[in-house]
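Please read it with the structure open beside you.

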Amino acid sequence: MSGYLFRGPRNTPGSRAGQPPEPRTETRPGMVIDRDVAVLTGSGATIWVDVYRPAGGEPAAPIIGWSPYGKHNPAPIGRIYPRSGVRPEWTSPLTTFEAPDPGYWVPHGYAIVIADIPGTWYSEGPATYLSPEEARAYADLIEWAGTQPWSNGRVGLSGVSYLTQTQWRVAELNPAHLAAINPWEGWTDTYREVVRHGGIPETSFWPYIWDRWGAGTGMIEDLEAETGQHPWFDEFWASKAARLEEIRVPAFVVASWSDQGLHSRGTLEGFRRISSEHKWLDVHGRKKWGYYYDPENVERQRAFFDQFLRGTDRGVLDWPRVRMEVRERYYQGTRRTAGDWPPKDTEYRSWYLDAAQEAMLPHPPGAAAVAEYDSLGSAPGPADARFTMTFGEPAEIIGHCRLILHVEAPEADDLDLFAALFKTGRDGEVVGFPYYAQFEDGPVAVGWLRASHREPDPELSTEFLTVLAHRRALPVPRGQVIEAEIEILPSGTRFEAGEGLLLIVQGTDIKRYPKPLTYARHEDTVNAGPHRIHTGPGHPSRIILPILPASDARG
């Protein structure tokens, strides 16, 4: 599409240890490394790649990591993020950021191709991000890798975050030599999942990533200016959302409950909506980078790629279609399987909010009540509204929750709502979970909504997931009660009898970690004065929870 805005690079390659291309071949025991290989794309631009391949001469199966972070710059995540869960011995010094480790894959008969995406570092541009143009260049690289003398012709894709987001985009083109993809936590809809959470601007991660993606020598897409120019979901943002139904290649998709506000929702939607005959889903509740590089999971990746890139039967076709970790507390949980996502035996049950008792009830309360808090979290007075419930028998909440509030803002013409679910133990203490790949005190699940964005998209919405249209502002009459639905992002948690669920609703971010730690922040608010949540007759504020029969498996 046309209409991109461009600017000069945000930083130079030299400022981040980049060196001009110098094509050369290096050798290591059992490995040949072709540095700075020029690949011409269909647009006429040259991109630069590094190829790590076996020294023996047998055709290898290529796995591509398509990266904006610099192929020249090994960046052990365990060193950069000490709380990431990645142990030093899990990666070799050849591992680039969020990409597969050549030190593991090459001895097993694979070639790892790491590319500097168009317009970044010394690859020619201009740079456009998560765009159709970038996807076509990626497809050109796949065809190149599938036809090299060292290649067996079956190309796979791997990597975390951006290296997954671009997998969705190129796989929708179905290049001839693409044989398998391994999307590992990557959003699919840039606007809904990152830029505007429930319509509220995200003000921390999204601006941070402009700089991380912005090293180059030419023009790069000005994501900051474009974000300001496109406040609603329009053709521009549609061009940065994956056309998932067009993907047909075999896929091993890995998602987490813990990357909410970044990758959790999009990865699960990716699995649900792709058209691949052969597709599997693994959902965990741990830290994404630690899970990707954990040796046990690397072996699962290799089993998948052996099956589809090397033609070796590793039993993958007998894998359960869906594996899910049902969390109990930090890094403790059990596995259960399902035939699809969401599981077909999910029962969606409503619990009604009662402001008088600060409770969630299995039936509507008999009397009307109001929970009021200051929308900016200022003293004096409550900074949030809280509702609790206790489970009388074991239960497992797995999937998307829907929170329907009857709410008013008597001093404002719009309102931002933030919601979170927390697990509580029998002692009433909050049970924390991994969150955003670094933190260990996270909630069960979170959700957001700017009330003027509450209009649903009927074509995209389902029984369990209300997708917002984000195409126009609905009025929020001052002092009038409106019904607003908040999408609570998918999660998977077990509750024993006597354990509880705590719902918090407020007007500011639920978790507030110190800067510069990067996670979803929302500091551009429309809130003013109090919010009032109405419950009881005439105002059936409620939460709809996805309940699965509690598994007896322990361990």
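Predicted model: local features only at pLDDT ≥ 70, side-chain atom pairs only at ≥ 80, totals over all residues.

1. Everything below is computed from it.

2. **Cavity count.** The whole structure was searched. Four cavities of 30 Å³ or more turned up.

3. **The largest cavity.** Its volume is about 230 Å³. The lining has 17 residues, and the closest to the cavity centre are R192, G198, R265, E487 and L489. Start with these five when you inspect the site.

4. **Who builds that lining?** Which elements each supply at least two residues of the lining of the largest cavity? They are α5 (190-195), α9 (264-273) and β26 (482-495). Strand β26 holds the largest share, with four residues. By class, the lining of the largest cavity splits into six nonpolar, six polar and five charged residues.

5. **The second largest cavity.** Here the volume is about 80 Å³. The lining consists of F418, A419, Y435, V446, G447, W448, D509, I510, K511, Y519, A520 and H522. At least two residues each come from β21 (416-424) and β25 (445-450). Strand β25 gives the most, three residues. Eight lining residues of this second cavity are nonpolar, two are polar and two are charged.

6. **Helices α3 and α4.** How do these two helices sit against each other? The axes of α3 (residues 132-145) and α4 (residues 162-171) come within 9 Å. They cross at roughly 85 degrees. An angle of 65 to 115 degrees counts as roughly perpendicular, so α3 and α4 are roughly perpendicular to each other.

7. **The α3–α4 contact.** From α3, the contact uses P132, E134, A135, Y138, A139 and I142. From α4, the partners are Y162, T166, Q167, R169 and V170. Seven residues of this contact are nonpolar, two are polar and two are charged.

8. Strands β14 (residues 322-329) and β15 (residues 332-338) run antiparallel. How many bridges join β14 to β15? Seven do.

9. Two residues lie between strands β14 and β15. In this hairpin, Y331 takes a positive phi near 55 degrees.

Note on methods: Residues numbered from 1 in each chain as written. Heavy atoms only, no water. 1 Å grid on protein atoms, 1.4 Å probe; cavity = no way out; pocket = protein on both sides within 12 Å on 5 of 7 lines; lining within 4 Å. Points joined across faces, edges and corners; volume = space filled by probe spheres on them. Nonpolar A, V, L, I, M, F, W, Y, C, P; charged D, E, K, R; others polar. Axes fitted to C-alpha atoms, helices over the stretch in contact; angles between N-to-C directions. Parallel < 35°, antiparallel > 145°, perpendicular 65-115°, else oblique. Contact = heavy atoms within 4.5 Å. Pairing = 2+ DSSP bridges.
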